[in-house]
Amino acid sequence: MAARPGGPGRGERTVPPKRRRPSITPDRVVDAALELTREHGLDGWTIRQLATVLGTWPNTVAHHVGDREDVVAAVVQRVVATMPNPSPELGWQEWFRELLLSGRDVIGRYPGVARRLARDGATVPAALPIMDRGIGLLVSAGFGDRAPLAYGVLLNSAVLLIALDDDRRLVGPSAGEAATALMEMAAPAGAGTGWASLQPWLRASATDSGAVADALYRYTIESVLAGLQADLETMRPH
């Protein structure tokens with residue numbers, strides 16, 4: 001049988017065309033850095049590892065985005081851009097509940113981002129619309145000149161707890177392992193009712209550390225909101 005025109009003859013192998021890699025773009029660099037951050041934490045990967053994932057060279061990453069600090073800033077910007085900015089029609093307390101409870105799920109997917117936000121949050125462009133709306137609600141509620149301080153207390157309380165959970169996952173024993181170790185310790189000399197009352201909480205941490213961390217986070221947010229409400233009452237004329 002004659003070979004088809006343009007086709008391989010008898011005994012010849014068909015060589016598939018070589019697949020071309022997608023071109024490198026700033027968005028592809030940040031996408032890959034986000035995945036590395038999700039797996040290893042923001043401080044757990046290098047530009048060389050990032051370039052390897054992309055199938056390119058480190059200087060190509062630098063050409064499109066910049067050095068490692070520039071890539072990290074882009075990752076933080078991307079994560080913050082996906083955070084909620086609740087409706088300004090909400091009361092100030094409900095607005096912060098929605099922001100901080102939903103925002104924890106977003107930030108917590110990328111270990112290390114919370115610590116950066118605790119340090120640099122006010123300089124992240126994607127955070128500015130959230131900050132403007134949150135501080136504006138606090139001003140309208142009557143906090144006046146204390147509104148930026150109240151905003152900082154709320155945001156820092158939240159992101160520092162998230163950062164602590166990140167550290168436990170990345171570099172230390174899990175909360176469950178730590179709780180088990182504490183339960184197995186002999187009571188220290190002079191331990192009293194405080195030590196005894198801690199045991200149920202430790203047992204809960206050992207069996208479901210995520211639920212305990214969630215309860216602690218929610219309790220912290222509610223406590224800060226209650227404290228700010230009490231502070232607001234002192235500023236109102238009687």
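**View A. Helix H4 in the predicted model.** Helix H4 has 14 residues, and the distance from its first C-alpha to its last is 20 Å, close to the 20 Å expected at 1.5 Å a residue. The structure shown is a predicted model. Residues Val71, Val72, Val75, Val76, Val79 and Val80 of H4 are buried. The buried residues of this helix pack against H1, H2, helix H3 (58-64), H5, H6 and H7.

**View B. The packing of H4 and H6.** Two packed helices are described by the angle between their axes and the distance between the axes. For H4 and H6 the angle is about 95°, and the axes lie 10 Å apart. An angle of 65 to 115 degrees counts as roughly perpendicular, and H4 and H6 are therefore roughly perpendicular to each other. On the H4 side, the contact is made by Glu69, Val72, Val76, Val79 and Val80; H6 contributes Val113, Arg116, Leu117 and Arg119. Six residues of this contact are nonpolar, three are charged and none is polar.

**View C. The largest nonpolar core.** This core contains 56 residues, of which Leu50, Trp92 and Phe96 touch the most other members. At least two residues of the core are supplied by each of several helices, including H4 (68-81), H5 (92-107), H6 (113-120) and H11 (209-235). Helix H8 provides the largest share, ten residues.

**View D. The surroundings of Trp92.** Residues up to four places away in sequence are not counted here.

Note on methods
Residues numbered from 1 in each chain as written. Predicted model: local features only at pLDDT ≥ 70, side-chain atom pairs only at ≥ 80, totals over all residues. Heavy atoms only, no water. Core = buried A, V, L, I, M, F, W, Y, C linked by side-chain atoms within 4.5 Å. Buried < 20%, exposed > 50% of the residue type's maximum accessible area, 1.4 Å probe, protein only. Helix = DSSP H or I, 4+ residues; strand = E, 2+ residues; numbered from the N terminus. Contact = heavy atoms within 4.5 Å. Axes fitted to C-alpha atoms, helices over the stretch in contact; angles between N-to-C directions. Parallel < 35°, antiparallel > 145°, perpendicular 65-115°, else oblique. Nonpolar A, V, L, I, M, F, W, Y, C, P; charged D, E, K, R; others polar. Expected span 1.5 Å × (residues − 1).
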